[in-house]
Amino acid sequence: MNGKRVAIIGSGPAGAITAIALKRQGFEPTLYEKVAPIEEIEEAIKSGEDVSLQFSPIGGGFSILTNGLKALAHLGLYDDIKALDIDKVHAMHFMRIDGSDLAVKPTAKKGEIDALRMLRTNLQNAIMKAVHRAGIKTYGGKKLVNLTQAADDVTVFFEDGTSVTADFVVGADGIHSMTRKLVFPEAPKPEVFGIGYTAVLDRGILPDGTKIEFDYQMGAYVDGVEGRMVFISRCGKHDGELFVADLDNTKWLEQNEDWRPVTDLPKEAAKLAALVESWGVPQSVVTCMRHVKRITPANIYDLQDMDVFYKGRVVLVGDAAHGTIPFYGQGLNQGIEDAGVLADLWGHFGADGYEKVFQLYNKIRVPRVQKCAANARTTAKRMKAGTKSGERIGRFFMKLAFRFTNIFGLDDGVYYHDFRDDVRKEVPGIQFK
């Protein structure tokens, strides 16, 4: 008889949510994170202090769309997220780099839960507090270096010389997943798609009267000839995010796989402000860039599609399985769906039925995430047409696609989906726990 010990590699949103989902099904998940100071953070959480994981403050914003929120509701986490400093998202605005030629893609539908935008810092805090409430252990400073599978268990080895044996392993360690590298050595490596700079700022009026505010709740200024983009979003009452992207895959930043904010903020903010000003963005965007409080540079990666997300007793979730470029708004949302599907199947079939669980998980999730990745790549293709005529044609078809999508609900199967419909289809009569 199989035990229910699950070692989850990575305690970012996908890993932590998977841990909570499995705990609700009677499993014994433990989170292992390569970032070191989690123990101190958990102690601070117990005392009620507002803290975040070390890697959280380097990120920008997250959009949790309706499908992701439905999944969180099934996992008992929706109220935790709704209580955060958030902004409801009703539309995405696409402009030329100078703010002209507006095209609007609705992201809300009558009768459905409103999509939400928030800072990653706030989201991670809420999830980790839920992890603590659930009694899930979390260990920091655990960088995976190897794993071995036996007939009845899996042993994982960490860089600090320690090892852990569990009944199953879930790889939730991101697009540069070591779990994936060890279990699927033949799998493609993430490819650089471009470079990006994520910046966070406080919106409002400065003492000298300068207005730090965006023209839209969420939007993208795009130069389809040069393959450049500046994304803006409000992430709550006062928070905001800027994401500057150069989609030239011949450029990349010399850095390790862990995001780290710049240390000389005034210098880098001035450089980025000058850069986007030279691109021709509206002056309001330039002003916001000059007043950011954090900048995190990072390469933009795309992981080519994998057809199998498991091997033996190891299964992948989130970006470890299907990390792609951030141009369809489904990265985190699909990771949340992964957690829900895996937990529901395991709750139904039990630990002994893990082979059936992984087979169905793969059958349900692979086509769906590949569809999302394809849509993200199609959107990115329009953003780097390369010629003025190509840009015009791309924008024409983008507007046409938005119109038909809105009229006929072509994206409804993604944005307003409930993952449990997929589970019911594969397991008729299933009783959800």
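Predicted model: local features only at pLDDT ≥ 70, side-chain atom pairs only at ≥ 80, totals over all residues.
**Salt bridges**

I find that the structure holds 26 salt bridges, a salt bridge being a side-chain nitrogen of Lys or Arg within 4 Å of a carboxyl oxygen of Asp or Glu. I looked up Lys 109 and Asp 412, whose side chains meet in a salt bridge at 2.6 Å, N to O. Because Lys 109 sits in the loop between strand S6 (103-106) and strand S7 (115-119) and Asp 412 in helix H13 (residues 412-415), the pair ties together parts that are 303 residues apart in sequence. My helices (H or I, at least four residues) and strands (E, at least two) are DSSP runs, numbered from the N terminus.

I then checked accessibility, where buried means under 20% relative accessible area, exposed over 50% and partly exposed in between, with a 1.4 Å probe and protein chains only. Lys 109 counts as partly exposed at 37%, and Asp 412 counts as partly exposed at 24%.

My next entry is Asp 305 with Arg 377, a salt bridge of 3.2 Å, N to O. This pair links distant parts of the chain, with Asp 305 in the loop between strand S19 (294-302) and strand S20 (310-311) and Arg 377 in helix H11 (residues 354-383), 72 residues apart. I note Asp 305 as partly exposed at 36%, and Arg 377 as partly exposed at 21%.

Is the pair of Glu 337 and Arg 365 buried or exposed? I find Glu 337 buried at 0% relative accessibility, and Arg 365 is likewise buried at 0%. The closest N and O atoms of their salt bridge are 2.9 Å apart.

**A network and the residue Asp 101**

I also followed shared partners, and salt bridges of this kind join Arg 96, Asp 101, Glu 391, Arg 395 and Lys 399 into one network. Asp 101 lies in the loop between strand S5 (91-96) and S6, and I record for Asp 101 a positive phi of about 55° although Asp 101 is not a glycine. With a relative accessibility of 28%, Asp 101 counts as partly exposed.

**The cavity**

I searched on a 1 Å grid over the protein atoms alone, where a cavity is a set of points where a 1.4 Å probe fits but cannot get out, a pocket is an open set with protein on both sides within 12 Å along at least five of seven lines, and lining residues have an atom within 4 Å of a point. Grid points are joined across faces, edges and corners, and a volume is the space filled by probe spheres set on the points.

The search of the whole structure returns 1 cavity of 30 Å³ or more, and the largest cavity has a volume of about 100 Å³. Among the residues that line the largest cavity I see Phe 94, Val 222, Arg 382, Glu 391 and Arg 395. Which helix gives the largest share of this lining? I find that helix H12 does, with 4 residues, while H11 and H12 (388-408) each supply at least two.

**The second largest pocket**

About 200 Å³ of space lies in the second largest pocket. Of the 11 residues that line this pocket, I note Arg 180, Lys 181, Pro 188, Lys 189 and Pro 190 as the closest to its centre.

**An open sheet**

I traced an open sheet of 7 strands in the order S6-S5-S16-S17-S18-S13-S19, with mixed pairing, two strands being paired if DSSP finds at least two bridges between them. S6 and S19 are the edge strands, each pairing on one side only. Within the sheet, S13 (residues 191-202) and S18 (residues 239-246) pair in the antiparallel sense over 8 bridges, and Tyr 197 stands opposite Val 244 in S18.

**Helix H3**

My last entry is helix H3 (residues 66-74), which is largely enclosed by the rest of the structure because 7 of its 9 residues are buried. The buried residues include Asn 67, Leu 69 and Lys 70. H3 is followed by Gly 76, whose phi is positive, near 75°.

Definitions and conventions:
Residues numbered from 1 in each chain as written. Heavy atoms only, no water.
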